[in-house]
Amino acid sequence: MDPLKKVPVSEDVVHYRLFLVHPDTQASEETLLQLLEDLLAELAPLLVKYIWQQQPFNLSYRPEKGSVPAHLGGSTEFGDNVEDEWFIIYLLKHLTRTFSQLAASVHDNDGQFLLIEAAEYLPKWLDPDSSENRVFLYRGELHILPNRMRSGEVGWPRDSVPSLQEALDVLHKHADHCRAHQRIRSAIDHRLQGYPDKIQSSLHHAHCYVPAATAAVLSRRPDLVAPAVSAFYLRDPIDLQACRTFRNFPPDTRVLTLVTFTRCLYAQLMQQSFVPDRRSGYTLPPRSHPQYKAHELGMKLAHGFEILCSKNGLAAAAGQEAPLSSDPRWRGFLNSLQRNGYFKGELEGSLRYRELMTSAENFFKQSVTRTHGSSVHGPGEEVLQVLQSAPYDLEELKKQEEHLPPEDSDDWLNISPQELERLLEERGGRGLACGTRVAEEEEREEEAGYSLVAVTQGMKNFINAMSSHEGAEFPRSCLPEPFSFDPDAVTSTMDRLLGGKDEELDSDDFEDEEDEDEDEEVGPREQAGAEALGSLRRYMDEMDQELQTTNIGKSFTCNGKGSDRADAASRSEPAEEELQPLDVDVNLVTNLLESLASQAGLAGPASNLLQSLGIHLPSNADQS
């Protein structure tokens, strides 16, 4: 597709679509809406407790438009928490595995970010221009329509874009041929490693002194902590004007409660330095106070809720939200939940049953009502609606302070240099390419040592490699075996680099052969070429003589054999100093090691180049 004709995509927004693949299944509105209820009921156990950074996962019916068949689609703004985007990928893989008649496509403002994640293992022909309508999640796996080189092969030609219906037909008929390579699928699975248990591990529970109204809201709607943190995080001076009086969340009603954050939200709140306005009534204890962090977090959270209500809460007080029982979609969704065992056999009316029902209602409002309704409530309106529907008892909240569970440690905010290095290596592909052998190979590398011959050979391979207009290509493969030091192999390699053992050749030998060839050449053209070559030689000789008077030659290492021959020549002819051939490999390694030492363990050109070539040298143990 022409880049100028592409529809611009908002930043930090992921778009996803679910298509019916089976040709015998008609994609009617009734069929897709019934399927939508089943999909949401399948995902409800995973989503009811999930806290989204900006917007929740949602699906709605999308009618046929042009070459795009009718389907279920949605979009989610994930903001600063990219984990929301990858959690959606996990959800789509789960849905396509459970409902085999579905295939999903997904993209964001970067395009096919699934291919970006596995960029090291993609075939050469696959690029942003040739990937349109080729990449799908089907049966829980990544599928890519292959490049059809000849007639009769499975796939689609690279230079043309298939329509969605054509791509879905090929995917249905030749699913095995379209399944992505194992290394590509492993890269995606590695990024999704840990789900669904990762949902709980990404949460952080912290004690906070918040107004009683805030504690009541969070007890009913824990997900509203996200817009409150975002409101405080993105505040401006106009927003803070509403925090001078605190009409909705007065500070004199503060209680200690346990607040559930995502790690991203907790980090955003912690890293913000903020001093409350004196007119607000908020005062903080000294920093040495054992509860200072709880007071500070609660103060910031209260500011966020007050800003929310001041910006979006005007319309909420005027009208009441219609009950869910009047929505026919709620009854169908509730039946789907019961068929999927969502209530886990709890008796209707019991405390656990009511908690599950409340979570299901909140999920339905976010994922169904918000995407299908004509009016969209802002988070401030939702906060005020919860306050109106959920009265609280201040004395009861104070009694609960004595029975709060302990808060989580936030040591994960501090990362060691070793942990940072491990994360960088994983993101750079080294840890993934080596698979589960990374730890074992690192130990074996330390024991076996490192081959300097591999450094010189890697540089030569890089220099001699052909590159296109798109830039240089580095060998990024992770070797299955660690570098080893073999003295005999090094000696043999050095002999091949320096020449034969029995006969030494230098530039004078080549000059003698060229002189003999010149004597045999005849003709004005050959004579002119010989004169030009002779002039160049004289120029080079004069340059060598001039450089001999400087110290430049002392900065290079010469061949050992050439040095022995030079010593013998100097004894026989002391008046004439012979030029010694340079050892290119030794000079290369010396300069690289000096550059690495000057980096003092930090990133730099030498380490970046060697890392790109797949060469990993140990840290400098000699600090002298």
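Is Phe113 buried or exposed, and at what relative accessibility?

Analyst: Phe113 has 6% relative accessibility and so counts as buried; buried means under 20% relative accessible area, exposed over 50%, and partly exposed in between, with a 1.4 Å probe and protein chains only. This is a predicted model, in which local features need pLDDT of at least 70, side-chain atom pairs count only at pLDDT 80 or more, and totals for chains, interfaces and linings use all residues. Residues are numbered from 1 along each chain as its sequence is written, and side-chain values use heavy atoms, with hydrogens and water left out.

The structure holds 15 aromatic pairs. Rings of Phe, Tyr and Trp (its six-membered ring) pair if their centres lie within 6.5 Å; planes under 30 degrees apart count as stacked, over 60 as edge-to-face and the rest as tilted. Phe113 pairs with Trp86 in an edge-to-face arrangement, at 5.5 Å centre to centre and 90° between the planes. Trp86 lies in helix H2 (residues 83–98) and Phe113 in helix H3 (residues 113–117), so their pair ties together parts that are 27 residues apart in sequence. Helices (H or I, at least four residues) and strands (E, at least two) are DSSP runs, numbered from the N terminus. Trp86, at 4% relative accessibility, also counts as buried.

A second pair joins Phe249 and Phe305: the ring centres are 5.7 Å apart and the planes are at 50°, so this pair is tilted. Phe249 lies in the loop between helix H10 (237–240) and strand S8 (254–262), while Phe305 lies in helix H12 (residues 292–312), so the pair ties together parts that are 56 residues apart in sequence. Phe249 is buried at 0% relative accessibility, and Phe305 is buried with a relative accessible area of 0%.

Tyr50, Trp52, Phe87, Tyr90 and Tyr195 form one aromatic cluster. Tyr195 is joined to Pro196 by a cis peptide bond, with omega about 5°. Pro196 lies in the loop between helix H6 (182–191) and helix H7 (198–201). Most residues other than glycine have a negative phi, and most peptide bonds are trans. Asn133 has a positive phi, near 55°. Asn133 sits in the loop between H3 and S5, and is buried with a relative accessible area of 17%. Lys344 also has a positive phi, near 55°; Lys344 lies in the loop between helix H13 (328–339) and helix H14 (351–372), and is exposed with a relative accessible area of 62%.

S4 (residues 102–107) is mostly covered, with five of its six residues buried. Strand S1 (residues 13–20) and S4 run antiparallel and are joined by six bridges; two strands pair if DSSP finds at least two bridges between them. Within that pairing, Tyr16 has Val106 in S4 as its bridge partner. S4 also pairs with strand S5 (residues 135–138), in the antiparallel sense over two bridges, where Tyr138 in S5 is the bridge partner of Ala103.
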